[in-house]
Structure formats: structure tokens, C-alpha cells
Amino acid sequence: SATMAPMAITPRASGACRGRSWRRALTPDRPVGDARPLAPAPPAVVAVDEAGLADDGEGADMDRTRGLVSIGVPVYNGEAYLDEALKSMLRQTYEPIEIIISDNGSSDATGRICRRYASLDPRIRYYRHEVNRGSAWNFNAVFGHARGEYFKWWAYDDLCDPAYIAKCVEVLEREPAVSLCFARTTIIDERGRRVRDHEDQMDLR
């Protein structure tokens, strides 16, 4: 099986964070590259067993779909910003995406929001876990359902420019030695107002 390339954020972009958990909104400053369309998978709202594993034939060792970008959305009680974040994902100009939502036992309207979007767009798959098993477990769970060649974790309160994924894929396809794309970040408040720019200063050594 192929190894999934992680995707953070496209180079020379800006992002934004808000509220208690900072939000990021990403804005590329270069033209969008060509995107290769891919037929979407059928919609799914999947109940999981007590071990937290869905019986949908997926797994970390499965073959990856060429060009597909998997967006992993681990969430717990994200009703305040989840709707806006999902809209940002669906506005991406790069069409071959799948959106995987792993709901870690939310007690608010998160489930209702996810089911509504999953019924509207076949690229969205929603997994509901009745018991909260912790943040690290949920991040791993959502990654385990991914089918794509590329992967990005997307926080439930982050925003990205519509060209964001297209620019990431453009870089990763053009530069085989590159395994991670990321952007400059802009901090925003709970109303989406700019607070400040942020340099991630990732140490990838």
C-alpha cells in the first residue's frame, strides 16, 4: 500500500484562528493549479462499535486513491463553528476530496450538523462515537478511515481559502521530495475579525 503524504497548508498562504481554540483561515497568493476530478464515494453515516471501529472495510493499510485528498475532522462539541468550517471545506476548488468527521461523543448539536451535511454531499462520511475517548484517540481514529493519497487534519473551527487544497496538491505533485505543505497563519477572533499574523516556525528536523 502507498504511504499517505501529510498536508498542512499551502506555502505563501495565510490562515486564521479564533476563540478559545485559535482558528485559522488560509489565503493563497498565487493562481490555482489544475484539479483532476474524481467520482465521489457514496454518502455514509456510520455507527461504530464499542472498540470505535467502523465496519466499512477501511484500514490504515488499504490502497490509497491517487490524487484524492482526505480531510480528517476530529470534533467534540463543535456546534459553534462546525457549520462554517464545513462550508469552507466544500468551497475548495480542488474536487477530489473526502471529508471524514469523527465525533467524539458530542452532547451538543454537532451530530445534527454532521448528518445534515453528510446527506447533502456524498464526499462526507460521519462517524459517531457514543463515548468520548480523548483527543489523541479521535485524531488517530479519523486518520484510520482515510482513503486518499494525501491527508489533512482540519480543526472544526478553522477556515481555508477555496484555493488552499489545490495549492497544496500543486506543490506536492510538482516536488516529489516535499512531504508537508503549510501556510502562514492569521489569528482571528470568534467573529472572524483579524487579530494578528502568526508565524508557525515549524521545526521539521
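Predicted model: local features only at pLDDT ≥ 70, side-chain atom pairs only at ≥ 80, totals over all residues.
Figure 1. On one side of α3, A136 and N140 are exposed. The buried residues of this helix, which spans residues 135-144, are N138, A141 and V142. Viewed down the axis of α3, these buried residues fall within an arc of 95 degrees, so they line one face of the helix. An α-helix has 3.6 residues a turn, so residues three or four places apart point the same way. The cover over the buried residues of α3 includes strands β4, β5, β6 (124-129) and β7.

**Figure 2. S102 and its surroundings.** S102 belongs to strand β5. Its relative accessible area is 0%, so S102 counts as buried. The side chains of S102 and N138 are joined by a polar contact of 2.5 Å. N138 is itself one of the buried residues of α3. Neighbours within four places in sequence aside, S102 is in contact with V73, P74, V75, Y127, H129, N138, A141 and V142. Among these contacts, A141 and V142 are also buried residues of α3.

**Figure 3. Strand β4 and its two partners.** β4 pairs with strand β7 (residues 148-153) in the parallel sense, over 5 bridges. β4 and strand β5 (residues 97-104) also run parallel, joined by 7 bridges. V69 has a bridge partner in each of these strands: Y150 in β7 and I97 in β5. In a regular strand the side chains alternate between the two faces of the sheet.

**Figure 4. The crossover from β4 to β5.** β4, helix α1 and β5 make a β-α-β unit. The unit is right-handed. Helix α1 takes up residues 82-90. The two strands of the unit are parallel and share 7 bridges.

Figure 5. A146 sits in the loop between α3 and β7. Its relative accessibility is 0%, so A146 counts as buried. A146 and I100 are 46 residues apart in sequence. In space, their C-alpha atoms are 7.3 Å apart.

Figure 6. A search of the whole structure finds 0 disulfides. For C160, the nearest cysteine sulfur is that of C168, 8.1 Å away, and C160 is in no disulfide. C160 has 9% relative accessibility and therefore counts as buried. C181 is in no disulfide either; its nearest cysteine sulfur, again that of C168, is 5.0 Å away. A disulfide requires the two sulfur atoms to be within 2.5 Å. C181 is buried, with a relative accessible area of 1%.

**Figure 7. The close-ups in the context of the whole protein.** The protein has 4 helices and 10 strands. From the N terminus on, its elements run β-β-β-β-α-β-α-β-α-β-β-α-β-β. Of its 205 residues, 47% count as buried. Among contacts with a separation of 6 or more, 79% are between residues 24 or more positions apart.

Methods
Residues numbered from 1 in each chain as written. Heavy atoms only, no water. Pairing = 2+ DSSP bridges. Right-handed = clockwise from strand over helix to strand, strands pointing away. Buried < 20%, exposed > 50% of the residue type's maximum accessible area, 1.4 Å probe, protein only. Arc of directions from axis to C-beta. Contact = heavy atoms within 4.5 Å. Polar contact = N/O pair within 3.5 Å; in protein donor to acceptor, adjacent residues only side chain to side chain.
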